[in-house]
Amino acid sequence: MLGNEYLIFVCSGLFTMFVWTQIFFFFAKTVNFVFGIKSQSQRTTQLQRQFFIAVCIQVALPFVVIMIPACYILSTIYSKNFDIAFTNFSVIMITSHGLFATILMLLIHKPYRTETLKILGIKKFYKSNKVAVVRMPPCATQN
C-alpha cells in the first residue's frame, strides 16, 4: 500500500460507503420510532424528542471535528499538495476532539451542566433544589 494511493482510496471509499449506509439506515429507523410513537404521555414524548435531538448534536460532533480534517489529510495524500498550516490545523482539530465533546456535553445536557457548576461553586447559574427528607418513626412491632 505504500506505493499505491489508489488502493487506499478504494478501500477507504468502500468502507465509508458501508458504514454510512448503516448509519443512515439506523438513523432513519430511530427517527421514525421516536417521532412516530404516540402511546406515552405528551411530556414523555417531548422529553424523548429533546434527548434525541441532543444526542444527534452530540453524534454530529465527530463528523465535524474528525471527519472533515481527516478527509483533508486524505486528499493531500492523493493530490500530493501539502500545506503545512492546514495540516497542522487539521491535526489540532482531531486531537482536541475530547475537549470539544466535553464542552458540548456540558452545554447540551442540563444535569451535567448543573453538577459541574455546583462543583465549581458558581451558584448564580443554577437553582438549588433542596430536597426535604422526612424521617418516619420506626413501626411498632407486635410480639
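At what angle do helix α4 (residues 97-108) and helix α5 (residues 110-120) pack? In this predicted model, local features need pLDDT of at least 70 and side-chain atom pairs count only at pLDDT 80 or more, whereas totals for chains, interfaces and linings use all residues. Residues are numbered from 1 along each chain as its sequence is written, and side-chain values use heavy atoms, with hydrogens and water left out.

The angle between α4 and α5 is about 100 degrees, and their axes lie 5 Å apart. Axes are lines fitted to C-alpha atoms, for helices over the stretch in contact, and angles run from 0 to 180 degrees between N-to-C directions. The two helices, α4 and α5, are therefore roughly perpendicular to each other, a class that covers angles of 65 to 115 degrees (under 35 counts as roughly parallel, over 145 as roughly antiparallel, and the rest as oblique). On the α4 side the contact is made by Met105, Leu106, Leu107 and Ile108, and on the α5 side by Lys110, Tyr112, Arg113 and Thr116; contact means heavy atoms within 4.5 Å.

The criterion is a side-chain nitrogen of Lys or Arg within 4 Å of a carboxyl oxygen of Asp or Glu. A search of the whole structure finds 1 such salt bridge.

Overall, the protein has 5 helices and 0 strands, giving the pattern α-α-α-α-α along the sequence. Helices (H or I, at least four residues) and strands (E, at least two) are DSSP runs numbered from the N terminus. Of the 143 residues, 12% are buried; buried means under 20% relative accessible area, exposed over 50%, and partly exposed in between (1.4 Å probe, protein chains only). Among contacts with a separation of 6 or more, 51% join residues 24 or more positions apart.

The protein exposes about 12000 Å², of which carbon and sulfur atoms supply 70%. Accessible areas come from the Shrake-Rupley method with a 1.4 Å probe, and for residues only the protein chains shown count as cover. A nonpolar surface patch is formed by Tyr6, Val10, Leu14 and Met17, which together have about 430 Å² of accessible area. Patches comprise residues with over 30% relative accessible area and no salt bridge, with like charges joined within 9 Å and nonpolar side chains (Val, Leu, Ile, Met, Phe, Trp, Tyr) within 5 Å. Leucine 14 lies in helix α1 (residues 5-36) and is exposed, with a relative accessible area of 51%.
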